[in-house]
Amino acid sequence: MRNLTDQQLRDQLANPLTRRSAFEETVRRYSRPLYMHIRRIVLTHADTDDILQNTFLSAWRNLDAFRGDSKLSTWLYRIAHNHSIDHLRQHRARHHLPIDDPAQHTLQTLESDPWFDGDQTQKLLLSAIATLPDRQKEVFQLKYFDELKYSEIAEILQTTEGSLKASYHHAVKKITKYIKEHTTH
Amino acid sequence: MTNDEQEIKKITSRNNPLKVPGGYFDQLTDNIMSQIPDTPAHKQQPATPVINLWDKIKPWLYMTAMFIGITITFQNIKKIKPQPTSENYTATEQLQPPEEITIEQLADEAMIDPYTLYQYITEE
């Protein structure tokens, strides 16, 4: 099962007799990259754990809706990404968080999480990402950290590749500018 | 890779600051699989209930019986309660005593004074 290609895994997921074992392999194969993707959005381990489990449970419930038009990984990323964004919105609404200083809020969240072990520069990078507009933030994380192709990102975010390239370019510029401005020499 | 990207790379090439508890991913797979029922997802949906012929015609039968019942009830009520005919209607009218009106009331309604009315009556 572990040596299956993505296509073979999809075929086994479509077969009711092999679905459960194929899904177990799917969880094993994609839990790490999806975890990191979710974690970079919501920042804390506890929230990431909840969202990751909900992502896989949601994927299991909707397996019949997965037609195989897209890659399995892209489909899972889309579910994980949507769950993470929903979580952020609910969290902001529940705690009435101000959105005027996202960098400061990011720093506080990172420092309160016992599973964050980064130095000042890494905190600065995550704070810089937090200052980006939502779309630029999403594109940057999917492109830079998850190393997905523009075509895959376009499928996850339901947009065109052209606008993604522009967003990514702006995001990189803003992040380097922010880091330069906030680095003490 | 652009210069800007290389600059960011310098930071991210260090160790990953987002740590995970030991053995988390091994337990995660078991944890998720334990929340998934043994039967495949598509078999979990309840089967479509089979409706037999009796169940299909039952509401129509009840409704028809109800209308027949109402019709019979109204017909019986009509038989018990006699309808007024033109003959007994006249008799009923004749049995009622005529309403008494005084000269004063009549004069008031005609808007003339009673004396003029008396004069008019006596002239006849």
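This is a predicted model: local features need pLDDT of at least 70, side-chain atom pairs count only at pLDDT 80 or more; totals for chains, interfaces and linings use all residues.
Visitor: Is A:Glu138 buried or exposed?

Guide: Leaving aside neighbours within four places in sequence, A:Glu138 is in contact with A:His81, A:Ile85 and A:Leu157. Its relative accessible area is 12%. Buried means under 20%, so with 12% A:Glu138 is buried.

Visitor: How far apart in space are A:Tyr77 and A:Pro33, C-alpha to C-alpha?

Guide: A:Tyr77 belongs to helix α4 of chain A, residues 72-95. Once neighbours within four places in sequence are set aside, the contacts of A:Tyr77 include A:Pro33, A:Leu34, A:His37 and A:Leu142. A:Tyr77 and A:Pro33 are 44 residues apart in sequence, and their C-alpha separation is 9.0 Å.

Visitor: Why does A:Tyr77 count as buried?

Guide: The class of buried residues takes values under 20% relative accessible area. A:Tyr77 counts as buried because its relative accessibility is 6%.

Visitor: How much area is buried between chain B and chain A?

Guide: The contact draws on 40 residues of chain A and 32 residues of chain B. Carbon and sulfur atoms give 64% of the buried area. Of the area that chain B buries against chain A, B:Leu18, B:Phe25 and B:Met33 supply 18%, more than any other three residues. The area buried between the two chains is about 3,600 Å².

Visitor: How many residue pairs are in polar contact across the interface of chain B and chain A?

Guide: Between chain B and chain A the count of salt bridges is zero. Polar contacts across this interface are present, with both residues at pLDDT 80 or more, and the number of pairs is eight.

Visitor: Which elements give two or more residues to the side of chain B that touches chain A?

Guide: By class, that side of chain B has 15 nonpolar, ten polar and seven charged residues. Chain B has six helices and zero strands. The elements of chain B that give two or more residues to this side are α1 (3-12) and α2 (24-34).

Visitor: What share of the residues in chain B is buried?

Guide: The accessible surface of chain B comes to about 10,900 Å², and carbon and sulfur atoms hold 60% of that surface. Chain B has 124 residues, and the buried share is 15%.

Key:
Residues are numbered from 1 along each chain as its sequence is written. Chains are lettered from A and ligands numbered from 1 in the order in which they are written. Side-chain values use heavy atoms; hydrogens and water are left out. Contact means heavy atoms within 4.5 Å. Buried area is the accessible area (1.4 Å probe) that two parts lose on being put together, summed over both. A salt bridge is a side-chain nitrogen of Lys or Arg within 4 Å of a carboxyl oxygen of Asp or Glu. A polar contact is a pair of N or O atoms within 3.5 Å; within protein, one must be able to donate a hydrogen and the other to accept it, and residues adjacent in sequence count only if both atoms are side-chain atoms. Helices (H or I, at least four residues) and strands (E, at least two) are DSSP runs, numbered from the N terminus. Ala, Val, Leu, Ile, Met, Phe, Trp, Tyr, Cys and Pro count as nonpolar, Asp, Glu, Lys and Arg as charged, and the others, Gly among them, as polar. Buried means under 20% relative accessible area, exposed over 50%, partly exposed in between (1.4 Å probe, protein chains only). Accessible areas come from the Shrake-Rupley method with a 1.4 Å probe; for residues, only the protein chains shown count as cover.
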